[in-house]
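This briefing covers one protein chain.

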Amino acid sequence: MRMSAQITAVASAVALPVVAFLCLCGVPGNAVALDLHSRDHDSPKPIDPGQGERAVVPASPQAAGLPRIGFSDSTLVFETVRGASSPPGQGFDLLNTSDVGTLNWTLEVDRFFLAAGPLSGSSNNTRVSVWVIASTDLLVGVHPAHVIVSSSNAVNSPETVFVQVRILCPIPLTGDVTGDGAVSQSDIVYLVNHVLKAGPAPVPLKEAGDVNCDRNVGLADVIFLVNYVLKGGAAPCDACILL
Ligand SMILES: [Ca+2]
Ligand SMILES: [Ca+2]
């Protein structure tokens, strides 16, 4: 009987905090009350909101009336061939996903080839259209950039939309100055005509004839191409690395 009484006492001590915690489910305002006078300060215990001194910790941004920055798109990709016209502008919607409070925000970009706007504003539950334009006068390759939105009163400031500007190489095969998809004797003839007889330039760009990648199309390229096609010499370089 004595052992049974001890077990009953221990079970009661464990059960009381659990019951008290479960009773907090009905606390108005969706907030959690914490007992600051608990002996165990590392693990504050919930108490009845009508008893003693307590602090109220907001359970969510909505409960505290705080706005949250949100985007309709997290990534934008611009793609074009080097030398071609710039792709059309793009955009995304900026909104307050908390649905409470007013989101006061500013916007900036971190690379010179990117522009976006508007640069500031206020949003409650409405969406704001942000436009983004990328200059494509860039080297061949992938160029990352960011649109950064900051707010003095949001719970998640700053937030970022990632942007990629992809510049594709217009030259499929260096040395194929005729543009037929292969490097052959006809390319030697074409390049000789261009270099020595003022014939038409290599296609799609003159750089397709720069088979030794010295940033010039001349007699050295003719000799290089003859050695490659007729004598098994070194293959043309990749002219795209110079664009
Ligand atoms: Ca060819
Ligand atoms: Ca060259």
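Two residues are in contact if their C-beta atoms, placed from the backbone, lie within 7 Å. On that basis, 60% of the contacts in the protein chain with a separation of 6 or more are between residues 24 or more positions apart. The model is predicted.

**Confidence**
- The protein chain has a mean pLDDT of 80, and 74% of its residues reach 70 or more.
- Over residues 1-58 the pLDDT stays under 50; for this stretch the model has 50 contacts beyond four places in sequence.

**Overall make-up**
- Four helices and 11 strands make up the secondary structure of the protein chain.
- The protein chain has 243 residues, of which 23% count as buried.

**Nonpolar cores**
- In soluble globular proteins, nonpolar side chains tend to be buried together.
- Here the largest nonpolar core has 22 residues, and Leu-114, Val-132 and Val-163 have the most contacts inside it.
- Two or more residues of this core come from each of strands E4 (75-81), E5 (90-96), E6 (103-109), E7 (114-117), E9 (128-134), E10 (141-151) and E11 (159-168).
- E11 gives the largest share of this core, four residues.
- Neighbours within four places in sequence aside, Val-163 is in contact with Leu-76, Leu-114, Val-132, Ala-134, Ala-145, His-146 and Val-147.
- Another core, of 10 residues, lies apart from the largest one; Val-177, Tyr-190, Phe-224 and Cys-240 are among its members.

**Phe-92**
- Phe-92 is found in strand E5.
- Phe-92 counts as buried because 20 other C-beta atoms lie within 10 Å, and the cut-off for a buried residue is 20 or more.
- With neighbours within four places in sequence left aside, the contacts of Phe-92 are Phe-71, Ser-72, Asp-73, Leu-76, Val-130 and Val-161.
- Phe-92 and Val-132 are 40 residues apart along the chain, with 8.2 Å between their C-alpha atoms.

**Helices H3 and H4**
- Helix H3 (residues 185-197) packs with helix H4 (residues 219-231) at an angle of about 170°, and their axes are 10 Å apart.
- Angles over 145 degrees count as roughly antiparallel, so H3 is roughly antiparallel to H4.
- On the H3 side the contact has Gln-185, Asp-187, Ile-188, Leu-191, Val-192 and Val-195; on the H4 side it has Leu-219, Asp-221, Val-222, Leu-225, Val-226 and Val-229.
- Nine residues of the contact of H3 with H4 are nonpolar, one is polar and two are charged.

Methods: Residues are numbered from 1 along each chain as its sequence is written. Chains are lettered from A and ligands numbered from 1 in the order in which they are written. Axes are lines fitted to C-alpha atoms, for helices over the stretch in contact, and angles run from 0 to 180 degrees between N-to-C directions. Angles under 35 degrees count as roughly parallel, over 145 as roughly antiparallel, 65 to 115 as roughly perpendicular and the rest as oblique. Ala, Val, Leu, Ile, Met, Phe, Trp, Tyr, Cys and Pro count as nonpolar, Asp, Glu, Lys and Arg as charged, and the others, Gly among them, as polar. pLDDT is the predictor's confidence in each residue, from 0 to 100. A nonpolar core is a set of buried Ala, Val, Leu, Ile, Met, Phe, Trp, Tyr and Cys residues joined through C-beta atoms within 7 Å. A residue is buried if 20 or more other C-beta atoms lie within 10 Å of its own, exposed if 12 or fewer, and partly exposed in between; C-beta atoms are placed from the backbone.
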